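Subject: Structure for you to look at

Hello,

Here is the structure I promised to pass on. Please open it alongside this note; my findings follow below.

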Amino acid sequence: MADTHTHTEHKEGEIAKPNTAGIWRVFVILLIITTIEFIIALAIPVSIMPGGVKNILYIILTVVKAGYIVGEFMHLRHEVKFMIWAILLPMIFIVWLLVILIAEGGSVFEMKNFLR
Amino acid sequence: MMWFFLLSDAFSFSGLLITYGMLRYSAVAYNPSVHGTYKFSMDYWPIPEKVFESVPFLHGVSLPLVFVGIMTFILIMSSVTMVLAVEAGHRNDRKDVEKWMLWTILGGFTFLGCQAWEWSHFIHGTDTGTIDNITGKMVYGANLIQNQYGPPAFADLFFFITGFHGFHVFSGVMLNVLIFYNTAFGVYANPAREIDLGAERYEMIEKVGLYWHFVDLVWVFVFTAFYLI
């Protein structure tokens with residue numbers, strides 16, 4: 001954090017002014033994304049937007065939300081590059097595991113129908 | 001180190017959510033042209049917005065996902081107050097750290113209370129119940145063996161995923177209480193700690209804050225995977 005060092009120069013007993021505009025901006029963004037998810041889920045009928053399109057939109061919006069929480073609230077965006085990749089790379093592999101196991105679930109479903 | 005703990009914790013949550021994805025896709029989906037109008041049945045996977053549509057004090061009113069939305073808002077809000085506490089810690093502002101930690105703890109307890117209600121409602125079920133295909137008996141609510149809303153696996157996953165997350169929230173609240181206690185009793189304001197930590201005396205707030213944001217992050221994924229899709 002670059003701005004911490006400026007605060008450390010203050011003498012004992014002297015308290016700096018709060019600097020929270022960025023935090024509230026991220027909060028508003030998170031709130032807006034959640035509201036959009038609700039509008040997609042409840043206000044838009046399936047005839048206009050099929051379930052598959054809705055699900056893809058949910059996943060995109062969730063990843064954006066996660067990016068803001070991890071990047072800004074957890075400061076990962078301000079860490080060194082090695083740290084960012086040490087966290088992100090395993091998670092990318094996990095996402096791949098999710099994709100292949102969902103595909104596997106689909107083929108289990110086919111197999112159940114086939115054997116019936 | 002907190003980051004690597006959180007990474008390993010993310011693996012366990014991913015394991016649960018991947019299990020949900022796989023079982024969901026290997027089960028029969030609801031199809032209006034085959035199954036007719038939607039009702040709870042053990043023949044197909046339930047639609048979450050039909051299951052989670054109750055709000056306390058509004059019995060019989062269908063408000064899909066409203067209560068869960070309130071819970072999401074509470075958790076995001078308490079994440080924001082946690083960032084504000086961390087920010088106050090950077091400024092060595094003890095009064096502000098105390099104030100924002102107290103709000104964070106309040107948010108955590110509120111979320112846990114909401115989840116307790118959600119579980120209790122899920123376990124007790126609706127007034128009408130559903131007939132079990134195999135035994136022919138009426139089933140009300142859900143437990144680990146039977147489930148009025150759909151296949152038993154749906155209830156099992158609900159209990160495991162939201163339960164595991166709820167336990168994380170509980171642990172987080174305990175850690176928050178601990179650091180609030182330390183702040184209030186001036187542990188972090190002790191000048192002797194400056195020798196070890198320099199100006200970063202409130203570093204502990206930041207570490208616990210990371211854990212608390214992680215809990216919020218997991219809820220964002222649970223919310224999408226379990227309630228929206």
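First, a question to start you off: does Asn92(B) count as buried or exposed? Asn92(B) has 22 C-beta neighbours inside 10 Å, and the cut-off for buried is 20 or more, so Asn92(B) counts as buried. Keep in mind that this is a predicted model.

**Two residues with positive phi**

Asn92(B) deserves a look for its backbone too. Its phi is positive, about 55°, although Asn92(B) is not a glycine. Most residues other than glycine have a negative phi. You will find Asn92(B) in the loop between α4 and α5 of chain B, just after α4(B).

His75(A) is a residue other than glycine, and its phi is positive, near 65°. His75(A) sits in the loop between α3 (51–73) and α4 (81–115) of chain A. The setting here is partly exposed, with 16 other C-beta atoms within 10 Å of His75(A).

**Helix α4 of chain B**

Now go back along the chain from Asn92(B). α4(B) has 25 residues. From first C-alpha to last, α4(B) reaches 37 Å. That is close to the 36 Å expected at 1.5 Å a residue. The helix is mostly covered, with 21 of its 25 residues buried.

One partner of α4(B) is α8(B). Their axes come within 10 Å and cross at roughly 160°. An angle over 145° counts as roughly antiparallel, so that is how α4(B) and α8(B) run relative to each other. The crossing is left-handed.

Which residues of α4(B) and α8(B) meet? On the α4(B) side they include Val68(B), Leu75(B), Ile76(B), Met82(B), Val86(B) and Gly89(B). On the α8(B) side they include Ile205(B), Gly209(B), Trp212(B), Asp216(B), Trp219(B) and Tyr227(B). The residues of this contact divide into 12 nonpolar, 5 polar and 2 charged.

**Helix α6 of chain B and its partners**

α8(B) also packs against α6(B), which covers residues 152–184. What is the angle between α6(B) and α8(B)? It is about 160°, with the axes 10 Å apart. That makes α6(B) roughly antiparallel to α8(B). α6(B) passes α8(B) in a left-handed crossing.

The residues of α6(B) that meet α8(B) include Ile161(B), His165(B), His168(B), Val169(B), Leu175(B) and Ile179(B). Facing them in α8(B) are, among others, Met204(B), Val208(B), Tyr211(B), Val215(B), Val222(B) and Phe226(B). By class, the contact has 14 nonpolar, 5 polar and no charged residues. Ile205(B), Trp212(B) and Trp219(B) of α8(B) are listed in the contact with α4(B), and they are also listed in the contact with α6(B).

α6(B) packs with α5(B) as well, residues 94–124. Their axes come within 9 Å and cross at roughly 155°. α5(B) and α6(B) are therefore roughly antiparallel to each other. This crossing is left-handed. The contact residues divide into 16 nonpolar, 8 polar and 2 charged.

**A loop residue in chain B**

Next, Ala27(B). Where does Ala27(B) lie? Ala27(B) is in the loop between α1 and α2 (32–35) of chain B. With 19 other C-beta atoms within 10 Å, Ala27(B) is partly exposed. The cut-off for buried is 20 or more. Leaving aside neighbours within four places in sequence, Ala27(B) is in contact with Trp45(B) and Pro151(B). Thr37(B) is 10 residues from Ala27(B) along the chain, and their C-alpha atoms are separated by 19 Å.

**Chain A and the interface**

Chain A has 4 helices and 0 strands. Its pattern along the sequence is α-α-α-α. Of the 116 residues in chain A, 9% are buried.

How many residues of chain B are in contact with chain A? There are 38 of them, in contact with 39 residues of chain A. On the chain B side, α1 (2–26), α4 (66–90) and α8 (203–228) each supply at least two residues. The largest share, 12 residues, comes from α1(B). By class, this side of chain B has 21 nonpolar, 10 polar and 7 charged residues.

Best wishes

Note on methods
Residues numbered from 1 in each chain as written. Chains lettered and ligands numbered in written order. Predicted model: local features only at pLDDT ≥ 70, side-chain atom pairs only at ≥ 80, totals over all residues. Contact = placed C-beta atoms within 7 Å. Nonpolar A, V, L, I, M, F, W, Y, C, P; charged D, E, K, R; others polar. Buried ≥ 20, exposed ≤ 12 C-beta atoms within 10 Å, placed from the backbone. Axes fitted to C-alpha atoms, helices over the stretch in contact; angles between N-to-C directions. Parallel < 35°, antiparallel > 145°, perpendicular 65-115°, else oblique. Left-handed = near helix turned anticlockwise from the far one by under 90°. Expected span 1.5 Å × (residues − 1).
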